[in-house]
Amino acid sequence: MKSYDLIIIGAGPGGYVAAVEASKLGKKVAVIEKKKIGGTCLNVGCIPSKAYLKHAEWLETMAEANQFGVINEVKEIDYSKLVNRKDQVVGQLQQGIHYLFKENKIDYIEGEAEVISNRVVSVNGAKYETNYLLLATGSTPFVPPINGLDQVSYLTTDTFFEMRELPKKMAIIGGGVIGIELAFAMAPLGVEVTVVEVAPEILMTEDEEARTIIRQKLKKMQVKVLEKVQIKEVKQGELVLDNTTISFDELLVVTGRKANLQLADALNLEKTENKKFIQVDRHYETSEKNVFAIGDVIDTLMLAHAASKEGIKAVRYMFGKKEAPLKNEDIPKCVYTHPEIASFGLTESEAQEKGYDVLVSKTPYSNNGRAISGNETTGFIKIISEKKYKELLGVVIVGANATEMIHTILAAKQAEGTLSEVEQMTFAHPTLSEMMGELANEMLN
Ligand code: FAD
């Protein structure tokens with residue numbers, strides 16, 4: 001039986017990054033994957049959605065250029081070509097991971113892993129032995145019971161990116177981050193999109209003012225957003241709500257994700273109280289001493305970079321390196337709409353609940369030279385601090401380049417900097433980032 005220091009199950013951003021880290025520590029590692037290298041993120045998640053959002057952005061930019069005198073015309077959208085481009089992007093990145101595995105002498109085993117015990121794994125009938133086991137088995141789309149849904153054809157994010165023809169009308173059930181990003185990807189291509197959300201509002205995980213800006217933009221894009229609705233029934237081509245009926249050619253259901261717990265069940269691992277995730281300690285160790293779990297399968301933020309960071313930390317800890325646990329408030333959250341939303345840390349009310357003497361201030365993009373010159377004046381930067389030490393408790397950026405800019409303040413926070421360190425920095429002019437320095441300055445004075 002072939003034997004390893006570490007076997008990782010799942011080659012998503014959690015698993016493959018952990019494998020590279022373990023290999024760098026001199027360990028013999030194998031990664032087992034039953035679908036495609038790169039997991040959800042690379043194949044049906046982060047990367048394909050961002051490729052599609054880029055297509056939408058090209059169209060929006062062209063329309064904007066027209067408005068200001070750069071006259072152009074979109075004659076045709078060859079959707080299958082756009083899908084091909086996405087496939088190429090995904091293929092290139094898959095090759096990148098294969099290369100990384102080769103470079104780091106990581107064995108890549110294709111097939112579905114079954115666990116015989118916490119030290120023996122079987123794939124396609126072959127058995128492998130390991131000292132440590134890391135479960136990075138991720139999650140799959142969660143589809144709630146909706147009357148009639150099982151009688152009609154519908155897409156989830158597992159199948160959406162295979163769609164080869166643009167529908168005329170698309171209904172999206174679920175107004176969370178993924179549903180809203182995909183509405184932004186489809187509407188500029190001429191698809192009539194309706195988003196149906198059962199919760200009181202779309203994007204409930206995001207800042208309230210950010211939500212308002214995104215709702216206004218969706219309206220401008222002629223995306224119909226129905227919030228706090230009851231779905232009575234789904235029929236072929238029709239969504240029957242409590243007070244109206246929505247017709248569609250394609251129905252996309254994006255109502256959350258559920259952790260893949262089959263292997264955890266087979267190993268009898270302890271679960272979280274709600275039984276939805278694997279229970280781990282702060283070093284990602286499960287109730288079995290040599291079994292660790294990271295990423296979407298545990299109860300932390302369901303994000304690719306969280307999975308990767310957890311993977312690195314779990315591996316360092318299991319092989320005896322001192323590792324500070326990852327804090328949720330240090331993990332950035334990004335929504336790749338147009339304008340974008342990026343945030344980290346505490347909200348104003350969370351900071352108040354924690355007993356801070358809260359100091360909050362906001363600056364609008366509409367005052368910034370770079371934003372005005374680039375016609376990108378929608379949005380704001382909000383910093384949540386406290387009066388005593390001027391700690392950086394939380395930040396929300398809504399606007400162009402928000403998902404890049406967030407890292408500047410995050411870096412300051414990570415280095416235990418305060419508003420003073422942000423204020424001390426010299427920002428280039430004209431940049432959007434200047435707003436951070438100016439806001440910090442205003443908050444200190
Ligand atoms: P996964 O990526 O799900 O990988 C788990 C892997 O394990 C899968 O490939 C699976 O096949 C494999 N596996 C499971 N069981 C077995 C078994 N028994 N044997 C062998 N292999 C097995 N996150 C972001 O941070 N940014 C984004 O912009 C973003 N956009 C997203 C857009 C969409 C449309 C979706 C659906 C998700 C998005 N996410 C995004 C979330 C992100 O994709 C996940 O948080 C991330 O992929 C989780 O990584 P993971 O390694 O834990 O699991």
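Trainee: Why are the side chains of Glu60 and Lys217 said to meet in a salt bridge?

Mentor: Their N to O distance is 2.9 Å, and a salt bridge is a side-chain nitrogen of Lys or Arg within 4 Å of a carboxyl oxygen of Asp or Glu, so the pair qualifies. Glu60 lies in helix H3 (residues 46–67) and Lys217 in helix H7 (residues 208–220), so the bridge ties together parts 157 residues apart in sequence. Helices (H or I, at least four residues) and strands (E, at least two) are DSSP runs, numbered from the N terminus.

Trainee: Where do these numbers come from?

Mentor: This is a predicted model, where local features need pLDDT of at least 70, side-chain atom pairs count only at pLDDT 80 or more, and totals for chains, interfaces and linings use all residues. Residues are numbered from 1 along each chain as its sequence is written, and side-chain values use heavy atoms, leaving out hydrogens and water.

Trainee: What makes Lys86 buried or exposed?

Mentor: Lys86 has a relative accessible area of 6%. Buried means under 20%, exposed over 50% and partly exposed in between (1.4 Å probe, protein chains only), so Lys86 is buried. Its salt-bridge partner Asp87, 2.8 Å away from N to O, has 32% and is therefore partly exposed.

Trainee: How do you know that Arg211 forms a salt bridge with Glu201?

Mentor: The closest N and O atoms are 3.2 Å apart, so the pair meets the cut-off. Arg211 lies in helix H7 and Glu201 in the loop between strand S9 (192–196) and H7. Arg211 is buried at 10% relative accessible area, while Glu201 is partly exposed at 23%.
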